[in-house]
Amino acid sequence: MVTSENHRLPVIAIADLSCENSTFTPSCTQAAAFRPKRGQDTIKHYRFLHTEAELGQEAQWRGALVGHALPGGIVERSAFELLSAEIIERLSNICQSLPHELDGLWFDIHGAMYVEGFEDVESELLRRIRAVIGPKTIVSASMDLRGNVSRELVRQADLLTAYRTAPHIDVLETKERACRNLIRVLKVRNAGGSLPLKAWIPIPILLPGEQTSTRDEPAKHIYEAVPTIEEREGVLNAAMWVGYAWADEPRNCAVVVVTGWDESAVKNGAEELAKTFWDARGECKFVAPTGSFAECLDKALAGDTRPYFILDSGDNPTAGGSGDVTWGVTQLLRRSEFQHVAGPIVIYASIPSPAAVAVAEKAGIGASITVNAGADIDNFHAGPVTLTGIIHSIKYGDPHAQIEVVLKVGSMYIILTQLRKPYHKERDFTDLNLAPRVADIVIVKIGYLEPELYDMAKEWMLGLTPGGVDQDLQRLRHHRIQRPMWPFDRNFEVLPNLHARLVSNQTTLSFDERFVE
């Protein structure tokens, strides 16, 4: 390695705490849920940083701590303080080991984390980090497009980028882009150049991802415009966030951020993207036909298209639902069509219920049991459900669920889990000795179909079911978001300010930036 100060490899640290937290879900997220990776184990997590990869050879990468938790209820303050303190300690050790300032930090966050006592916790975490690494270290943040981007977060981070697909099939691509941008800016600075400008525009729109999927219009053409802005001379990166609809806090809304060295190109690009989204707001619609749970079941039974997928969306654990809401399965059990073994085959995923799983585990496959399941945490919409059936299968060792049990009740195969689990892949079912492709109806707690499920489904509907991530936002009764906000408000007496704000790293400003002049 060349040791000359002018030619040495930059040292870049990696740190993050990442989660998506509904303030309408009664569960709490604890420190263990982040499953933190520390030190060089963080490098192993990202193959594009391995020593044989191009980026791995562009810098000396030093892991502090990265933690990614399954979406859920708000993060306990004690959990945040514990993990953030460890991040600070590890970054301090990295900085103290260097004969020079830390060159860069990759801040790999989600953007929709909510911690007790904080309104803008990603900014708070970065504020604490800045106190250790200093103002000159270049910080590049990668985010989920459902994150929230306050002005203060833009001020403290030098670079920001986000996913451009929903469902998210560009996760690693986005993270790698954040690192490439960081390397590029370090090279520009070392050659005597300036830091990129940052243009930020909040847009008074707050929609769920199920109305902004990039598979469908208008989000498809909106997000296809993002890389075209980035291709312009003088622009480094363009990004757009739809915001997180299930947290009730003032920073939540759609946002555009464009970075680059040409002020006109950066501002114009940001304004074009913001206007494109604003002009298309009325076209945003759900990704599939919607209806009540009963309407979804009626439609599925009326036709002969199989498998028919129904999304029990209000308790989606990958959006922040507790996962143990029993409302959907309660409605299912009331249907006479599924009470007999010869009825239509239904797969239901899933209900976390440690007590029910323990009973099934003790009884074993083939045993007939009666258990009370669900509503351990979220019993607002329905209480525990009583299930009597035969144990079809048991699986151990799932990284999310830990233990999974399939209980056959009539013609229904109901999945019970020790802990919450998202069901996104075909093997999630086949590993349980289930055959979703030949089932009549597959019901999943999800908001839109992930790629493998999308390919399996012959037809599907989005059930507008209750829960902590209810798709009917009006039922949740937000009261702390900035108003007016689409679609909560349909008539805007004053058009929003969609002019770009250049955000300086030097001035601290509240995230409570109004949308109008």
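A: A helix is a DSSP run of H or I covering at least four residues, with numbering from the N terminus. The model to which this is applied is a predicted one.

Q: Which residue just after H11 takes a positive phi?
A: Gly-364 does, with a phi of about 90°.

Q: What makes one side of H11 a buried side?
A: Helix H11 spans residues 354-363, and its buried residues include Ala-356, Val-357 and Ala-360. Because these residues cover an arc of only 100° around the axis, they lie on the same side of H11. Ala-355 and Lys-362, on the other side, are exposed.

Q: What covers the buried residues of H11?
A: The cover includes strands S15 (368-373), S16 (385-398), S17 (402-409) and S18 (412-417). Contact here requires heavy atoms within 4.5 Å.

Q: Why are S12 and S15 called edge strands?
A: Nine strands form an open sheet with mixed pairing, in the order S12-S20-S13-S19-S14-S18-S17-S16-S15. S12 (290-291) and S15 each pair on one side only. Within this sheet, S14 (residues 346-352) and S19 (residues 441-444) pair in the parallel sense.

Q: How do you know that S14 and S19 pair?
A: Pairing requires at least two bridges, and these two strands have four. Tyr-348 stands opposite Ile-443 in S19.

Q: What makes S7, H5 and S8 a unit, and of which hand?
A: Strand S7 (residues 138-143) and S8 pair in the parallel sense over four bridges, and Ser-140 has Leu-159 in S8 as its bridge partner. With helix H5 (residues 151-156), the two strands make a right-handed β-α-β unit.

Q: Which way do the side chains of S8 point?
A: Leu-159 and Thr-161 point one way, Leu-160 and Ala-162 the other, and all are buried. In a regular strand, side chains alternate between the two faces of the sheet.

Q: How many disulfides does a search of the whole structure find?
A: The search finds zero. A disulfide needs two cysteine sulfur atoms within 2.5 Å; for Cys-179 the nearest cysteine sulfur, that of Cys-95, is 17 Å away, and Cys-179 is in no disulfide.

Q: Why is Cys-179 called buried?
A: The cut-off for buried is under 20% relative accessible area. Cys-179 has 0% relative accessibility, so Cys-179 counts as buried. Cys-296 is likewise buried, with a relative accessible area of 0%.

Q: Which residues does UniProt list for the MlrC C-terminal domain?
A: The unreviewed UniProt entry lists residues 310-480 as "domain: Microcystin LR degradation protein MlrC C-terminal". Over residues 310-480 the chain is 19% helix and 31% strand, and the end C-alpha atoms are 32 Å apart.

Conventions: Residues numbered from 1 in each chain as written. Predicted model: local features only at pLDDT ≥ 70, side-chain atom pairs only at ≥ 80, totals over all residues. Heavy atoms only, no water. Buried < 20%, exposed > 50% of the residue type's maximum accessible area, 1.4 Å probe, protein only. Arc of directions from axis to C-beta. Right-handed = clockwise from strand over helix to strand, strands pointing away. UniProt positions renumbered as here; feature names shortened; annotations may be inferred.
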